Amino acid sequence: VAVGRTDRPGYESTLAFAFEVGQAIGIATELVVRGPPGTGFRVDCLSGVKSSTDGFNAAMYTAWPASAKPTACRGDGNVATISMGHGFVTGSLYLWQLGIASTPLVQPEDQENVWTFALGAEASEPVPSFPLATFDATSMIPHSPAQATETPVFLEFTPRAEVSGTTGGRLALVAPPTFRFISSPAAVTPDCDTELFELSASGTVVRSFGNTIRCFVSQDATFSLSLELPTGVKLAKGTKFRLITYVRNPTDKADGQVWRLQSFRNSSTGLDSALDESRLLGYAVVDRVPLWSVGFVPSGNASVAEQQRGMEQVTLKIWAQTPVAMSKGDSLQIAGPASFSFGTAPTCSEYIWDPDAPTTGT
């Protein structure tokens with residue numbers, strides 16, 4: 001029934017409930033509603049309380065007595081207390097609707113994902129709530145969190161709802177406004193570079209979607225990109241995927257902010273087309289290293305060509321200048337391309353400080 005219910009996390013929604021009383025209520029009373037953790041009610045929530053059966057099979061329900069009309073509703077987090085009159089009788093099923101300001105941002109644990117109701121001297125058993133329309137197993141890792149840097153971002157997710165290119169399905173990724181997705185100018189919309197892979201349960205690549213997925217960046221909001229699936233391509237529910245896209249980090253340092261990953265069943269991006277949505281806490285943007293140089297020290301036992309082709313172990317020479325002074329106990333982490341290996345030993349004892357490194361600067 002279209003009552004305005006939305007199962008996406010962090011959205012306004014309207015839910016419908018029905019109840020019977022165990023004993024007649026002849027005096028004014030209160031209905032206390034407790035939602036799953038993360039549910040939010042407005043402080044004044046009376047406008048969201050309705051007793052109409054419009055859109056429902058009215059023959060199944062008893063009309064609310066005029067004397068039982070709700071007079072106030074007070075919201076406090078996930079609890080709403082509704083003041084109402086009297087007149088409920090036994091043997092009747094009463095329908096009502098309740099507006100909420102926000103669904104939970106994350107899926108509550110099963111034992112917590114319930115509703116409870118207390119009316120006068122009676123209370124219900126826990127009533128199971130609905131699962132949120134959200135992605136499972138989401139993660140996001142940047143190659144570099146440095147300020148004013150163009151970097152690939154690796155995003156992994158598992159849809160709960162299938163996204164099909166046959167119906168015009170698409171994904172949308174919305175970054176904080178200070179980020180910008182890298183794009184190349186096109187005749188109508190700026191195209192962007194992305195890579196999409198299907199993964200096994202263990203995280204290994206099963207297949208690549210190659211250039212079959214079209215990516216474009218909003219002209220008015222370069223922090224938002226959309227991926228269009230072609231006919232015949234689908235992202236199956238319960239399957240893990242990895243998306244690699246490219247962004248330019250903000251010029252100023254910043255704490256991690258919220259990113260949104262969304263899926264839609266067709267080209268519309270309205271709630272009538274909405275499937276899953278997840279809100280991810282992004283990475284903090286940090287100081288950029290002002291000097292960074294990586295080379296290798298030629299070995300007398302192998303030619304330069306052999307070392308460059310990966311046929312021999314190489315010794316790297318790294319010159320870097322930290323943006324802030326380092327103190328005892330600080331750590332320095334170096335990440336190379338995925339195809340390079342520093343070995344499997346737990347420590348990297350084969351390093352020395354380069355006496356030829358520049359001594360000026362920080």
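Does phenylalanine 117 count as buried or exposed, and at what relative accessibility? At 15% relative accessibility, phenylalanine 117 counts as buried, where buried means under 20% relative accessible area, exposed over 50% and partly exposed in between (1.4 Å probe, protein chains only).

The model is predicted: local features need pLDDT of at least 70, side-chain atom pairs count only at pLDDT 80 or more, and totals for chains, interfaces and linings use all residues. Residues are numbered from 1 along each chain as its sequence is written, and side-chain values use heavy atoms, with hydrogens and water left out.

The protein chain has one helix and 26 strands; helices (H or I, at least four residues) and strands (E, at least two) are DSSP runs, numbered from the N terminus. Of its 362 residues, 38% count as buried. Among contacts with a separation of 6 or more, 73% are between residues 24 or more positions apart, a contact being heavy atoms within 4.5 Å.

Three strands form an open sheet in the order S1-S6-S3, with antiparallel pairing; two strands pair if DSSP finds at least two bridges between them. Strand S1 (13–19) and strand S3 (49–50) stand at the edges with a single partner strand each, so one side of each has no neighbour in the sheet. S3 is joined to strand S6 (residues 94–100) by two bridges, and valine 49 has leucine 98 in S6 as its bridge partner.

The structure holds 17 aromatic pairs. Rings of Phe, Tyr and Trp (its six-membered ring) pair if their centres lie within 6.5 Å; planes under 30 degrees apart count as stacked, over 60 as edge-to-face and the rest as tilted. Phenylalanine 17 and tryptophan 96 form a tilted pair, 5.3 Å centre to centre with 35° between the planes. This pair links strand S1 to strand S6, across 79 residues. Tryptophan 96 is buried, with a relative accessible area of 1%, and phenylalanine 17 is buried as well. The rings of tryptophan 96 and phenylalanine 117 have centres 6.2 Å apart and planes at 85°, so this pair is edge-to-face. Phenylalanine 117 lies in strand S7 (residues 114–119) and tryptophan 96 in strand S6, so the pair ties together parts 21 residues apart in sequence. One aromatic cluster is formed by Phe17, Phe41, Trp96, Trp115 and Phe117.

Charged groups also sit over rings. The charged end of arginine 5 lies over the ring of phenylalanine 130, 4.6 Å from its centre; the criterion is NZ of Lys or CZ of Arg within 6 Å of the ring centre and within 35 degrees of the ring normal.
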